[in-house]
Amino acid sequence: MPDLALEHACGGLVCGVDEVGRGPLAGPVVAAAVVLDLDHMPRALRRAVDDSKALTAEQREEYCRELRRCTLIGIGAASVREIDAINILRASLKAMQRAVRALGVMPDEALVDGNVAPALPCPVRTVVGGDALSLSIAAASIVAKVTRDAIMRDLARRYAGYGWETNVGYGTREHYEGLRARGVTIHHRRSFAPVRLALAGGTLEPELPLVYENSVNPLTQQND
């Protein structure tokens, strides 16, 4: 379970930063920056907050509501157009930069999930697997996940047939079938191979082995 050891080691005002949405075929990549207010954060919430991938959708929604009452939160995103123009990694870093700027305060240090640091106007410490180690990063992972899922559910109401209300843009069977039947929308990432294939009129053979980020199969799980 994540704790505050890294935050205490940093000292001063610390924000946790995490992004969600590097793997989907559609939609933006979203990042959150979170500064915990430990004087107002209930102990029960401290014990409950975890890596968003370890929580159910219901838990994420509940904890996100509670976090909004006792943390300082900044949200940043990078659009599909940016993802296609500069690649998903650079777009993710840009979303993190925007999330930190949106805090409205300058942290003394930022704890960033992963091993690549965004360019921030404060010292940055990258933490591989940080959403399972740092309470601030775990909180950011929850807020980013809930925010992005809400964006995709809203888009699903306008773009039916891709299953975005449940797969939130990941490459599930329903999503691939939607691409074949309905084509590519303005919210699809044209730099991603399955979307390029759909634009070219090709088909994705479902029996072929597919490699997914972090070895997560989006046919059965959408975690990030």
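**Reading the features**

Reply: Start with Lys53, which is partly exposed, with a relative accessible area of 32%. Here buried means under 20% relative accessible area, exposed over 50% and partly exposed in between (1.4 Å probe, protein chains only). This is a predicted model, so local features need pLDDT of at least 70 and side-chain atom pairs count only at pLDDT 80 or more, while totals for chains, interfaces and linings use all residues. Residues are numbered from 1 along each chain as its sequence is written, and side-chain values use heavy atoms, leaving out hydrogens and water.

Me: Which residue forms a salt bridge with Lys53?

Reply: The general idea: side chains of opposite charge can pair when their charged atoms come close. The cut-off is a side-chain nitrogen of Lys or Arg within 4 Å of a carboxyl oxygen of Asp or Glu. For Lys53 the partner is Asp51, with the closest N and O atoms 3.3 Å apart. Asp51 is buried, at 10% relative accessible area.

Me: How many salt bridges does the whole structure have?

Reply: A search finds 8. One of them joins Glu109 and Arg125, whose closest N and O atoms are 3.6 Å apart. Glu109 sits in strand β4 and Arg125 in strand β5 (residues 124-127), so this pair ties together parts that are 16 residues apart in sequence. Glu109 counts as buried at 14%, whereas Arg125 is partly exposed at 31%. Then there's Arg158 with Asp154, at 3.1 Å between the closest N and O atoms. Both are in helix α6, 4 residues apart, about one turn of the helix. Arg158 is exposed, with a relative accessible area of 56%.

Me: Where do those element names come from, and how many helices and strands are there?

Reply: They are DSSP runs numbered from the N terminus: helices are H or I with at least four residues, strands E with at least two. The chain has 9 helices and 5 strands. Their order from the N terminus is α-β-β-α-α-β-α-α-β-β-α-α-α-α.

Me: What about the inside?

Reply: Of the 224 residues, 49% count as buried. To find a nonpolar core, join buried Ala, Val, Leu, Ile, Met, Phe, Trp, Tyr and Cys residues through side-chain atoms within 4.5 Å. The largest one here has 33 residues, and Cys15, Val17, Val29, Ala110 and Trp164 touch the most other members. Elements giving two or more residues include β1 (14-20), β2 (29-36) and α5 (88-102), with α5 giving the most, 7 residues. Apart from it lies another core of 22 residues, Leu36 and Met41 among them.

Me: Which non-glycine residues have a positive phi?

Reply: Among them are Asn87, at about 90°, and Val168, at about 45°. Asn87 lies in the loop between α4 (80-86) and α5 and is partly exposed at 36%. Val168, in the loop between α7 (164-167) and α8, is buried at 4%.
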